[in-house]
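Dear colleague,

I am passing on the structure below, together with some notes on what was found in it. Please read the notes with the coordinates open beside them.

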Amino acid sequence: MDNKKLDTLRGDINSLDDKILDLLKQRAEIVTEIGEQKKSKTDIVDIIREQKVLDRLLENSQIKYSKDSIVRIWREIFQASTKLQHALVARNLALAEEKGLDIMTTCATSHSIMKDTMQDLKDDPVYSAQLNNLIARSTGVEYRGEAESWHLLHYLVEEIGLDKVNDAVINPIDLNIAPYYGPNMQREGFCAQDDPFMPSYLEQLIIALGGRPVDYDLKCQSVGAPSLLTLDKPVMSLISSVISDAKSNGADIIVSACTVSHSNLDSYQSKAGRKTGKNTSIPVIHLAELVAFAFGHFPDRLAQLRTRAILIGG
């Protein structure tokens, strides 16, 4: 191995990385300017335009990357702007405010993003004014900080009440259920009155719906939802460890409070098992599905879930 040559090549890569970083900065500045110019538009993100960009890149690409890799890289760039993220969230909150409403989501990740935006705008009045100026000129509304974000779990426990939830149960679940929170909304001020470090709302809801909550250590561990496309092996390890922990503690099924994490736990469990050599086969459903089943909706799907749990769960 020629160490001198290797050092030279690594130096070349460092120089190229610096140039890429500078180009990304220039691109972000242009994207921001485009957003500010869209005074008559209601959509800050133009999905059709994004697809045209991808199509053009794929057509002209002559580098040794797969088309799938190029799409992944550019989708990360599309989503990388924190200001754009905050603008979209602030716009949605402002639209809810216009109707005197709060926003409810069934996804812990979405709830966390909304809470992040609300907190950042509250803590930084200058940034809040800049962002409101942007969304006012592009959508005609401003966020005043009045609309609240609720996760379905917190709303059921605190606003509806578990007694009323229990009274509405038609088909008690009667399974050993591992509650999965994920890390995104387990933060002070993000999880209503639940404990951010030792949450129990999902366990309480499972009991109210006629199930038996399973206690296990990794109920708040990440399953790498935002990193699936770029960090395949570590994400498969995270998915495998959560499922393995739940199964080893007697779970028949896993219920997720996050739609994004639910997708990882369900759709990629077989791949995670192959990558890690662990038994990762278990039914995974979302919190909203659990509630619907218990309230008497989709009884045929509940029957299928019970059968799957008997055959492969636990």
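The notes below begin with the whole chain and then turn to particular places in it.

This is a predicted model, in which local features need pLDDT of at least 70 and side-chain atom pairs count only at pLDDT 80 or more, while totals for chains, interfaces and linings use all residues. Residues are numbered from 1 along each chain as its sequence is written, and side-chain values use heavy atoms, with hydrogens and water left out.

The protein chain has 14 helices and six strands, where helices (H or I, at least four residues) and strands (E, at least two) are DSSP runs numbered from the N terminus. Of the 314 residues in the protein chain, 39% are buried; buried means under 20% relative accessible area, exposed means over 50%, and partly exposed lies in between (1.4 Å probe, protein chains only). Among the contacts in the protein chain with a separation of 6 or more, 78% come from residues 24 or more positions apart, a contact being heavy atoms within 4.5 Å.

Helix α10 (residues 232-248) packs against helix α12 (residues 269-276) at an angle of about 100°, with the axes 8 Å apart; the axes are lines fitted to C-alpha atoms, for helices over the stretch in contact, and angles run from 0 to 180 degrees between N-to-C directions. The two helices α10 and α12 are therefore roughly perpendicular to each other (angles under 35 degrees count as roughly parallel, over 145 as roughly antiparallel, 65 to 115 as roughly perpendicular and the rest as oblique). On the α10 side the contact is made by D232, M236, S237, I239, S240 and I243, and on the α12 side by Q269, K271, A272, K275 and T276. Also in helix α10 is S241, which is buried at a relative accessible area of 17% and touches L218, Q221 and K278, residues up to four places away in sequence not being counted.

Helix α13 (residues 287-294) is largely enclosed by the rest of the structure, because six of its eight residues are buried, namely L287, L290, V291, A292, F293 and A294. Just after α13, G296 takes a positive phi of about 100°. In the loop between α13 and α14 (299-312) lies F298, whose phi is near 50°, a positive value in a residue other than glycine. F298 is partly exposed, with a relative accessible area of 45%, and the charged end of R301 sits over the ring of F298, 5.3 Å from its centre (the rule asks for NZ of Lys or CZ of Arg within 6 Å of the ring centre and within 35 degrees of the ring normal).

Aromatic rings of Phe, Tyr and Trp (its six-membered ring) pair if their centres lie within 6.5 Å, with planes under 30 degrees apart counted as stacked, over 60 as edge-to-face and the rest as tilted. By this rule the count comes to one aromatic pair: the ring centres of W150 and Y155 are 5.3 Å apart and their planes stand at 90°, so the pair is edge-to-face. W150 is buried at 17% relative accessible area, whereas Y155 is partly exposed at 27%.

Finally, A192 lies in the loop between β3 (176-180) and α9 (201-208), and has a phi near 55°, a positive value in a residue other than glycine.

With best regards
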